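Hi,

Here is the structure I said I would pass on.

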Amino acid sequence: MNELALEVGGLAKRFRLHTQGGVEIEVFRDLDLAVRAGECVALHGPSGCGKSTLLRALYANYAVDAGSIRVRHAKGWADMARAEPRAILDVRRRTMGYVSQFLRVIPRVPALEIVAEPLRQRGIAAEEAHSRAGAMLARLNVPERLWGLAPATFSGGEQQRVNIARGFIAEMPILLLDEPTAALDAANRAVVADLILERKRAGTAIVGIFHDAEIRAQVCDRLFEIAPFKVAA
Ligand SMILES: Nc1ncnc2c1ncn2[C@@H]1O[C@H](COP(=O)(O)OP(=O)(O)OP(=O)(O)O)[C@@H](O)[C@H]1O
């Protein structure tokens, strides 16, 4: 069996709505999840059960109230629930990628640059980074005439493919995917399925939200059910 890449233990998360009388929403408690290299796990459960919240917590976009999120990183382990901001950035740069559903468009930065950036950050020369970014965009059927433009005016599906290209080009050991095919047509869904299968063969551990049952069946090894949270009596 492959080695563990991600190990979540005793995770608890609640939201406090400060602007609404301090109401608390408890999303999960005592959540455990282990994911091995090369494995793809789909977060599953009814709408509102906490799939997006868990994915964001794994990336340390949300603070958690208890528990650990251990990530195999730089010949050791990092805990995303406790790490300093600088260590979190290092994990994001070298170990854990996140493909959100929507591209956070940076004004005036062209698509090719957005996709090449993770490679540039890792010290790869501009020429090689741009050539690999172009190949990835071409594979995802983003027309070459768009590569030099900022994606603000792109269609939803084009923006999602730029986002996917950026997420996959870095070849991270752990990938978090938030509905990576939501805005895509059948041909591009097939490209994304191939990209995911390739990463799995290369040993990437993947955690994702996949509402599309066909993609889920193609790429996921198991479902991780987030049970509806019940308040203890
Ligand atoms: N930023 C936030 N502030 C307050 N409450 C939030 C916040 N984000 C999510 N919640 C609440 O946490 C719960 C889980 O939401 P989440 O978006 O994680 O569910 P989900 O399983 O991804 O849902 P869906 O399948 O509908 O996208 C919901 O009850 C939601 O209202």
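How many bridges join β3 to strand β9, and do the two run parallel or antiparallel? There are 4 bridges between β3 and β9 (residues 222-225), and the strands run parallel. In that pairing L43 sits opposite F224 of β9. On terms: helices (H or I, at least four residues) and strands (E, at least two) are DSSP runs, numbered from the N terminus, and two strands pair if DSSP finds at least two bridges between them.

Before you go further, keep in mind that this is a predicted model: local features need pLDDT of at least 70, side-chain atom pairs count only at pLDDT 80 or more, and totals for chains, interfaces and linings use all residues. Residue numbers start from 1 along each chain as its sequence is written.

Back to the strands. β3 (residues 40-44) is also joined to β8 (residues 205-209), by 3 bridges and again running parallel. Here V41 faces V207 in β8. The β4/β5 pair is antiparallel, with 4 bridges between β4 (residues 66-73) and β5 (residues 76-79). R70 is opposite D79 in β5. These two strands make a hairpin with 2 residues between them, and A74 in the turn has a positive phi of about 50°.

Next, the helices. α4 (residues 126-139) has 14 residues and, at 1.5 Å a residue, should span 20 Å; its end C-alpha atoms are 20 Å apart, which agrees. The expected span is 1.5 Å times one less than the number of residues. A129, A133, M136 and L137 of α4 are buried. They cover an arc of only 100° around the axis, so they lie on the same side of α4; the arc is that of the directions from the helix axis to the C-beta atoms. E127 and E128 are exposed, on the face turned away from the buried side. Buried means 20 or more other C-beta atoms within 10 Å of a residue's own, exposed means 12 or fewer, and partly exposed is in between, with C-beta atoms placed from the backbone.

What do the buried residues of α4 pack against? They pack against α3 (111-121) and α5 (156-169), with contact meaning C-beta atoms, placed from the backbone, within 7 Å. α3 has its own buried residues, A111, L112, I114, V115, A116, P118 and L119, and their cover includes α4 and α5. Just after α3, G123 has a positive phi of about 90°, while N141, following α4, has a positive phi near 60°.

Finally, I196 lies in α6 (residues 186-201). I196 counts as buried because 25 other C-beta atoms are within 10 Å. Leaving out residues up to four places away in sequence, I196 touches C40, I206 and V219.

Cheers

Methods. Contact = placed C-beta atoms within 7 Å.
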